[in-house]
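Please keep the sequence and the structure in view while reading.

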Amino acid sequence: MDKPKVVLGVSGGIAAYKACELLRRLTESGHDVRVVPTASALHFVGAATWSALSGHPVSTEVWDDVHEVPHVRIGQHADLVVVAPATADLLAKAAHGLADDLLTNTLLTARCPVVFAPAMHTEMWEHPATQENVATLRRRGAVVVEPAVGRLTGVDTGKGRLPDPAEIFEICRRVLARGVREPDLTGRHVVVSAGGTREPLDPVRFLGNRSSGKQGYALARTAAARGARVTLVAANAALPDPAGVDVVPVGTAVQLREAVLKAAADADAVVMAAAVADFRPANYATGKIKKKDGQDPDPVVLLRNPDILAEISAERARPGQVVVGFAAETDDVLANGRAKLRRKGCDLLVVNEVGERKTFGSEENEAVVLGADGSETPVPYGPKEALAEIVWDLVTRRLE
Ligand code: CTP
């Protein structure tokens, strides 16, 4: 089979050097990558680097190899165009259909999915001109990844950083897999909770669970690749921030509730993939609990934690908001799942069987998605991102 053809557009920002890693990830995972830098990108990383890493000639202008009509062919033959970094200038040109170099010509001739990963100073990103250009590109079906927050060029810190190249690669992989289907969550805000809460006993000990956060992160990554604005409320997950996702770190169930309710206020969908502790210790010892010679330990008294899923299901922050829960069961999986769906009042419940080696921490999952409308969608054993795609398919159907 032919390798998928990817055009990597690079525009002139300091983050251009990070595109080398994205290029490596794409080529090493079996993609045929043609790099199309702008003239200003070559001030940051030279043509020799792009050419050596991609194995293809590199030009910025439409005047090289004119007999091959590159300004039309490169775009026409692409399965995916990704521009990383995309500067404010490049976004403006793309939004207005300008075509004064090879990359902008390629963007006009491409009929495949297009991903922009912007990187610039916060002021430039927030400027209404840039925001309107981004909105235009999204409306036309492009995926524009929200920049990350962090250190920018020089001493500045703020929104505008290029997300981790490994995470831009994850977006590219998912967009390529979807093919020419439109990013159907564009314009939607979705909230995903992930990980497992930790309920502290003292400054060094807690009651916790085995959730790795992988399923919730897969849901967040997939939603971002489908164009959504994503808030990921992450409880103790040691995983990299997905590109384009606003990550809110939390520790306990009470903190998770607060963060989820805040983000849910304007959300179209809320997916509760986090493993929330049902109980927390009634007493928190401000100093480390010491063992006392010859004495049994004090019993741990527990209090009920709020049921966040039941609460957001009962009091929807906006009409038509879709609420999804997860149920981890060890016995009578389907019967327990059906009862839980009714008890929690959510629209969809993803039921999976867990055990010592099943689901927790693994890359795969097997589940049945139960709908409040009586529907049952079996999800065969497979990667967590495949389950994530099915969950978003079911959510978008309900949002329509
Ligand atoms: N959940 C929640 N708040 C809690 C406990 C759970 O929002 N305090 C959510 C989880 O995020 C998940 C769903 O509820 O989406 C199911 O959680 P689970 O622990 O499996 O169900 P429980 O209601 O705790 O039922 P049981 O312990 O009886 O199995």
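## Terms and basis

A residue is called buried under 20% relative accessible area, exposed over 50%, and partly exposed in between, with a 1.4 Å probe and protein chains only. The model is predicted, so that local features need pLDDT of at least 70 and side-chain atom pairs count only at pLDDT 80 or more, while totals for chains, interfaces and linings use all residues. Residues are numbered from 1 along each chain as its sequence is written, and side-chain values use heavy atoms, with hydrogens and water left out.

## Glu146

Glu146 counts as buried because its relative accessibility is 19%. Glu146 sits in the loop between strand S5 (143-144) and strand S6 (148-151); strands are DSSP runs of E with at least two residues, helices runs of H or I with at least four, numbered from the N terminus.

The side chain of Glu146 makes a polar contact of 2.9 Å with that of Arg138 and another of 2.6 Å with that of Lys159. Such a contact is a pair of N or O atoms within 3.5 Å; within protein, one must be able to donate a hydrogen and the other to accept it, and residues adjacent in sequence count only if both atoms are side-chain atoms.

## Strands S6 and S7

S6 and strand S7 (residues 157-161) run antiparallel and are joined by four bridges, where pairing requires at least two DSSP bridges between two strands. Gly150 has Gly158 in S7 as its bridge partner.

## Helix H6

Helix H6 (residues 102-109) is largely enclosed by the rest of the structure, because seven of its eight residues are buried.
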